[in-house]
Amino acid sequence: MASSWQVLRANWQLRFAGFVVLRRIVLVAHLTAGVVIALSLYSTRAQSKKASVTDFAQFRPRKELPGEQFVGRAVCAGCHSEKTHSQAHTSMARALFLPSQSAILKSHPRMTYKFGIYSYEIVADGSQAIYRVTDGKETLSEPILYAFGNARIAQTYIFRHNGRLQEGRVSYYTAIDGLDWTIGDALNPPPSVQEAAGRDIDSAEARNCFSCHGTASTVDDRLQLDHMVPGVSCEACHGPAAAHVAAMNAGDTANSRIFSPMRLPPEKLSQEFCGACHRSADTVAMMPNLGGIGNVRFQPYRLFNSRGHDPNNAHFACTACHDPHIELTSDASSYDANCTGCHASASSDTDSATPQKPTSVDMLSKPLAASSQGKHCPVATDRCVSCHMPKVELPGAHYKFTDHRIRVVRPGDPYPF
């Protein structure tokens, strides 16, 4: 029987509104089936007194594995030193900082922003940073607790006011080397100093933010920041590693007790795994207006909507182009092998030539069958992504994001949501 994804792919000619309705129907059906299955499993397990064993194959980012313990990056480096070292220098590893660790706060001891009657100021002295806003009569001042983002694009600041976590209304943007409204947080005008200062993100939203930007941030589905490791470390993607370390020390190589994302089928890898934080097609389909032009930031969703590309093909998984252990490169030509692995150049003999093998990850080591070959590009043979994955300016972000909806882009084409 065809999966929900295959059904959707077979109906590409439907209007996009139909796509959203279909995704929602499928999602509700999956949730209903999931409840029935969960109740059945609960009933079965309630009758058994056998101790449960963690199924690491079910791990996903942001998902807890109850009872399993984290060990930290340094322990991982004991066996995986090269990957641990390179991953530590990626934007994902630097997705979250304590104020004392933020290079931006260290190099910018005082940043200001003015909007109407409100004046914003962030002051840092190395040991702490203060987020302050005033209307000239009333002032709100709180210590910054966390800095989100490594400032490759921006950095946003979190503070606590009246016992609740707040996202600062203003963020630092690298392109302007200064403060501006945090994406999605602008108020015109803010009704009060409290509203001008920040947006309440306590509870569910905070769990989502910290579980994607940090490691081990939740316990029993509750935010526990005293347990959290800032940034996306090894165990954020591979799961808590204490059982793995014990198994390896005991020589139990048959039961590694760790999760390997590369064992997932390509579609699950992109949508369920990477999409857990980078937003899957299911997640975006449930958003008002599909997230608007802001969905250019949601790469798994955009990738899924690349017409004519099979999401179950390993050459089309997120990791076909991006090794999470290595920092992202902005050199367009570095991705050419991943394109020409399917799309031979116009000058090549596609009937007799051996398909070029992409080299990004081990899962791509097998060449494509002739039937999988795509059309050649009549325009160019290099820098494919510069044309077929255009840069899109997100208003207010001071940055052009690479659109992962692969397509033939023509002048004047509207943004495809």
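1. In this predicted model, C76 has a relative accessibility of 14% and therefore counts as buried, since the cut-off for that class is under 20%. C76 takes part in no disulfide, and the nearest cysteine sulfur, which belongs to C234, lies 4.0 Å away; a disulfide would need the two sulfur atoms to be within 2.5 Å.

2. C274 is likewise in no disulfide, the nearest cysteine sulfur being that of C318 at 3.9 Å. C274 is also listed among the buried residues of helix α10.

3. How many disulfides does a search of the whole structure find? The search finds one, and this disulfide joins C212 to C277 with an S to S distance of 2.1 Å. The pair links distant parts of the chain, with C212 in helix α7 (residues 204-213) and C277 in helix α10, 65 residues apart.

4. The torsion about the S-S bond of C212 and C277 is about -95 degrees, so this disulfide is left-handed. As for its two ends, C212 is buried at a relative accessible area of 18%, whereas C277 counts as partly exposed at 23%.

5. Helix α10 spans residues 266-278, and although it has 13 residues, its end C-alpha atoms are only 15 Å apart, which falls short of the 18 Å that a straight helix would reach at 1.5 Å a residue. The buried residues of α10 include P266, L269, F273 and A276, and the helix is followed by R279, whose phi is positive, near 80 degrees.

How values were computed. Residues numbered from 1 in each chain as written. Predicted model: local features only at pLDDT ≥ 70, side-chain atom pairs only at ≥ 80, totals over all residues. Heavy atoms only, no water. Helix = DSSP H or I, 4+ residues; strand = E, 2+ residues; numbered from the N terminus. Expected span 1.5 Å × (residues − 1). Buried < 20%, exposed > 50% of the residue type's maximum accessible area, 1.4 Å probe, protein only.
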